[in-house]
Amino acid sequence: MKEITMDLFYDEMLKVVHTLQDKEMDNIRKAAEICADTIAQDGVVHVFGSGHSVGFGMELAGRPGSLVPFHTIVTSDFVLHGKVTLEEFRDPNNIFERRADIADRLYDLYDIRPQDSFIIISNSGINGVVIDFAIKAKQEGHKVIVVTSWQHTTAEASRHPSGKKLYEMGDVVIDNCGPQGDALIETGKVEKICSISSITGAFIAQSITTEVCRLLQQKGVELPLLLPEDSQSGKQHNEALKEKYKGRI
């Protein structure tokens with residue numbers, strides 16, 4: 001076993017990123033085409049992941065240089081909207097992200113329109129809530145982009161009553177190319193360290209943003225980007241975009 005060092009992590013991380021770049025760029029382009037078509041029709045791309053996958057939506061939205069019509073959905077919205085208590089949400093005996101009976105209620109929390117599309121993220125792709133939500137989105141006629149670990153999702157059984165896995169719901173499926181369990185570096189014992197899905201997720205998210213902007217420019221659509229608010233014009237630009245999508249993001 002190699003000595004645990006930052007250099008070792010750097011080398012192993014680059015291997016995964018290079019694999020992702022070699023293997024998944026066509027799928028990232030296909031995902032960007034769906035997102036660009038959605039935005040060109042004044043639609044919103046709803047981004048949903050539970051657990052650490054929430055970070056994918058945070059990467060896409062709400063910062064200078066991000067596209068405004070990306071809406072991050074989180075399961076904690078159930079608490080914020082008074083649909084469940086905090087105690088129920090945190091119940092260790094009924095883990096929220098593994099539930100398979102809440103998709104309709106989650107979908108109905110938001111102003112979702114026919115031209116909207118979805119990015120749904122889960123490293124394992126086996127938990128109830130993400131599969132249920134993807135099924136609901138497909139039933140409502142939306143395009144669904146899935147980001148998952150192929151190695152992980154094919155190694156474990158689904159926790160959804162249907163037996164389905166998240167990737168089965170995807171119009172486009174992007175493999176984040178991470179290992180089963182997410183962690184990269186062996187320690188000499190049973191455990192590993194240094195999870196990679198946050199890094200590959202950020203790479204995928206920003207690649208999608210870049211390609212969406214290129215496609216929108218080709219279509220002659222003004223890019224709905226957040227600007228830095230270090231000037232009055234930047235603040236006015238952002239306020240106008242937020243007003244356009246008010247109640248939807």
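**Charge, burial and chain contacts in a predicted model**

Colleague: Which residues gather in a patch of negative charge on the surface?

Modeller: A patch is made of residues with over 30% relative accessible area and no salt bridge, like charges being joined within 9 Å and nonpolar side chains (Val, Leu, Ile, Met, Phe, Trp, Tyr) within 5 Å. Asp and Glu count as negative and Lys and Arg as positive, while His and the chain ends are not counted; the place of a charge is NZ of Lys, CZ of Arg, CG of Asp or CD of Glu. The surface patch of negative charge consists of Glu 229, Asp 230, Glu 239 and Glu 243.

Colleague: Is Asp 230 buried or exposed?

Modeller: Asp 230 lies in the loop between α8 (197-219) and α9 (232-244), where helices (H or I, at least four residues) and strands (E, at least two) are DSSP runs numbered from the N terminus. Accessible areas come from the Shrake-Rupley method with a 1.4 Å probe, only the protein chains shown counting as cover for residues; buried means under 20% relative accessible area, exposed over 50%, and partly exposed in between. Because its relative accessibility is 69%, Asp 230 counts as exposed.

Colleague: How many salt bridges does a search of the whole structure find?

Modeller: Side chains of opposite charge can pair when their charged atoms come close. A salt bridge is taken as a side-chain nitrogen of Lys or Arg within 4 Å of a carboxyl oxygen of Asp or Glu. Across the whole structure, the number of salt bridges found is 13.

Colleague: In which helix do Glu 12 and Lys 15 lie?

Modeller: The side chains of these two residues, Glu 12 and Lys 15, form a salt bridge with an N to O distance of 3.1 Å. Lys 15 has a relative accessible area of 48%, so this residue is partly exposed. Glu 12 and Lys 15 are 3 residues apart, about one turn of the helix, and the helix (residues 6-40) is α1.

Colleague: Which residue does the side chain of Arg 113 meet in a salt bridge?

Modeller: Arg 113 is partly exposed, as its relative accessible area is 33%. Asp 111 has 29% relative accessibility and therefore also counts as partly exposed. At 2.8 Å, N to O, the salt-bridge partner of Arg 113 is Asp 111.

Colleague: How many residues apart in sequence are the parts that Asp 116 and Arg 248 tie together?

Modeller: The closest N and O atoms of the salt bridge between Asp 116 and Arg 248 are 3.2 Å apart. Both residues are buried, because the relative accessible area is 2% for Asp 116 and 6% for Arg 248. Asp 116 lies in the loop between α5 (103-107) and β3 (117-121) and Arg 248 in the segment after α9, so the separation of the parts tied together, in residues, is 132.

Colleague: What is the radius of gyration of the protein?

Modeller: The protein has 9 helices and 7 strands, and its C-alpha atoms fill a box of roughly 55 × 40 × 30 Å along the principal axes. The radius of gyration is taken over C-alpha atoms, and the globule rule is 2.2 Å times the number of residues to the power 0.38. For 249 residues a compact globule would have a value near 18 Å, which agrees with that of the protein, 19 Å.

Colleague: What is the phi of Asp 182, approximately?

Modeller: Asp 182 is placed in the loop between β5 and β6, and this residue counts as buried because its relative accessibility is 11%. Cys 177 lies in the loop between β5 (172-175) and β6 (183-186) and has a positive phi of about 65° although it is not a glycine. Asp 182 is likewise a residue other than glycine with a positive phi, near 80°.

How values were computed. Residues are numbered from 1 along each chain as its sequence is written. This is a predicted model: local features need pLDDT of at least 70, side-chain atom pairs count only at pLDDT 80 or more; totals for chains, interfaces and linings use all residues. Side-chain values use heavy atoms; hydrogens and water are left out. Buried means under 20% relative accessible area, exposed over 50%, partly exposed in between (1.4 Å probe, protein chains only).
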